[in-house]
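Please look over the sequence and the structure shown below before reading on. The briefing that follows starts with how the terms are used and then goes through the structure topic by topic.

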Amino acid sequence: MTEAPNNTLQTVIAEFNHINPEASSAFIFNRFGETIAQNEATTKEQTQSLIANFDSVTAQAQIIGGVEEFTIQGSQGQLNITAINNYFLATVSSRAADQKRLQSFTHVLVPLYIKLLDSTQKPLEPQEEKETAKPQAEEQLENPTQIIEAPPAKLTLEPEVPSEQFPAYPPIKQFMVEKIGGLLAPSDTVRLDAETISKWSTLYKGKPITQVSIETLEGKKITCKLKSVKEEKANQGIIQVPEKILQALQTGKGKLVMVKPVVK
Amino acid sequence: MSKKQKNDLSPSESDFKQGIMVEASDDLLSFDSLSSSLAEIRNLTGVVGYILRNQTTAILDIEEQDKVVEYAVLSSQVHEASVQMAKEFSLGEAESILVEGKTLKLLCMCLGENRISVFMDKDATHAWIIKRILI
């Protein structure tokens, strides 16, 4: 029990039994084998035993490309370990558990929280900051087809804004895709309504929002330039996306995407 | 069993996640029977190899011959770890274990005294293989 995001993750994990009444244990550990959060039903001995056994598997798993998911179907229950960035989420539930609900917890809710927490932690870690600073702006935009796989996210989050600080995590908003084309439409730039851009700019103390990160519900993600739509009365729920970016995201007109501002 | 019946029973990917398992009859769980089933499974697209072993005998058929030891060690480790985990969390007998990596996935099953490990491409349908072994 060490790191800063523990409280948030602890809250999420503590809710596990409420979301899945048929489930028993849930806990998160990191790649160093440290337990980050666990629910009440899980004992320290259980977490330590699982981590040790899981570690013995991962140590031999290079041949299959590491371990992203580990599932045991037992006669009386099931255990699942899911890799999320540098963390692992372990859940134990009965065979009668609602699998869809379980999946939404293990593959949507917790990954989303961990991603958000990770993104807020990056500025605190110089080495990671250095790495993420490199591929920004032009490098990324010259090649908008660089896709990052991410777990599907279906939640729209509007963060609480501290009075004198930037938001703890960027606001994520859902938009419907509209295709734009023509000679005057740059292939690396998407367009949003001016009001949304203005709101985001206000959240970031007036900083100009020139880039956004777009993520499809299937998990395809891309960062690209942003401009406001030309029409004065633009629809707020629409994002105008050029063909090249649509292809990169493997999405199309009428599909929903999650969009968040990227502030340097 | 007729071909039609087999088709009717073809499981979906979600069968595994929903915990739908098929009971196998004892005569189908003999080493020889499993061996012939796995030999057929080995020919399926996406299956890169398998290991079948009991206390006295083992069959290894792995595409990458030079990496047989690594596959065998992983298989053994997964079986041992899953027994411990199942015991610790009162999961009962581990019927099947699925380990998904970035490139391949491994399906392990314990049938009587026989241990099966099937290595396959990540997008291969492991639920079908479970049923193929058990039916």
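Helices (H or I, at least four residues) and strands (E, at least two) are DSSP runs, numbered from the N terminus. This is a predicted model, in which local features need pLDDT of at least 70 and side-chain atom pairs count only at pLDDT 80 or more, while totals for chains, interfaces and linings use all residues. Residues are numbered from 1 along each chain as its sequence is written, and chains are lettered from A and ligands numbered from 1 in the order in which they are written.

**Chain A as a whole**

- Chain A contains eight helices and 12 strands, and buried residues account for 34% of its 264 residues, where a residue is buried if 20 or more other C-beta atoms lie within 10 Å of its own, exposed if 12 or fewer, and partly exposed in between, with C-beta atoms placed from the backbone.
- Of the contacts in chain A between residues at least 6 apart in sequence, 66% join residues at least 24 apart, two residues being in contact if their C-beta atoms, placed from the backbone, lie within 7 Å.

**Where the two chains meet**

- On the two sides that touch, 35 residues of chain B are in contact with 30 residues of chain A.
- The elements of chain B that give two or more residues to its side are helix H4 (68-88), strand E3 (94-100) and strand E4 (104-111), and the largest share, 12 residues, comes from H4(B).
- The residues on this side of chain B divide into 16 nonpolar, 10 polar and nine charged; here Ala, Val, Leu, Ile, Met, Phe, Trp, Tyr, Cys and Pro count as nonpolar, Asp, Glu, Lys and Arg as charged, and the others, Gly among them, as polar.
- Strand E3 (residues 69-74) of chain A runs antiparallel to E3(B) and is joined to it by six bridges, and two strands pair if DSSP finds at least two bridges between them.
- Within this pairing, A:Gln73 has B:Ser96 of E3(B) as its bridge partner.

**Nonpolar cores**

- A nonpolar core is a set of buried Ala, Val, Leu, Ile, Met, Phe, Trp, Tyr and Cys residues joined through C-beta atoms within 7 Å.
- The largest nonpolar core has 73 residues, and those with the most contacts inside it are A:Ile28, A:Tyr113, B:Val99, B:Leu106, B:Ile116 and B:Val118.
- H4(A) gives the most to this core, with nine residues.
- Leaving aside neighbours within four places in sequence, B:Val99 is in contact with residues including A:Val57, A:Phe70, B:Val78 and B:Leu106.

**Helix H3 of chain A**

- In H3(A), the buried residues are A:Thr47, A:Leu50, A:Ile51, A:Phe54, A:Val57 and A:Thr58.
- These residues lie on the same side of H3(A) because they cover an arc of only 120 degrees around the axis, the arc being that of the directions from the helix axis to the C-beta atoms.

**Residues in loops**

- A:Ala97, in the loop between strand E5 (87-94) and helix H4 (99-121) of chain A, counts as buried because it has 20 C-beta neighbours inside 10 Å.
- Although A:Ala97 and A:Pro21 are 76 residues apart in sequence, their C-alpha atoms are 7.7 Å apart in space.
- B:Ser90, in the loop between H4 and E3 of chain B, has a phi near 50 degrees, a positive value in a residue other than glycine, and B:Ser90 counts as exposed because it has 11 C-beta neighbours inside 10 Å.
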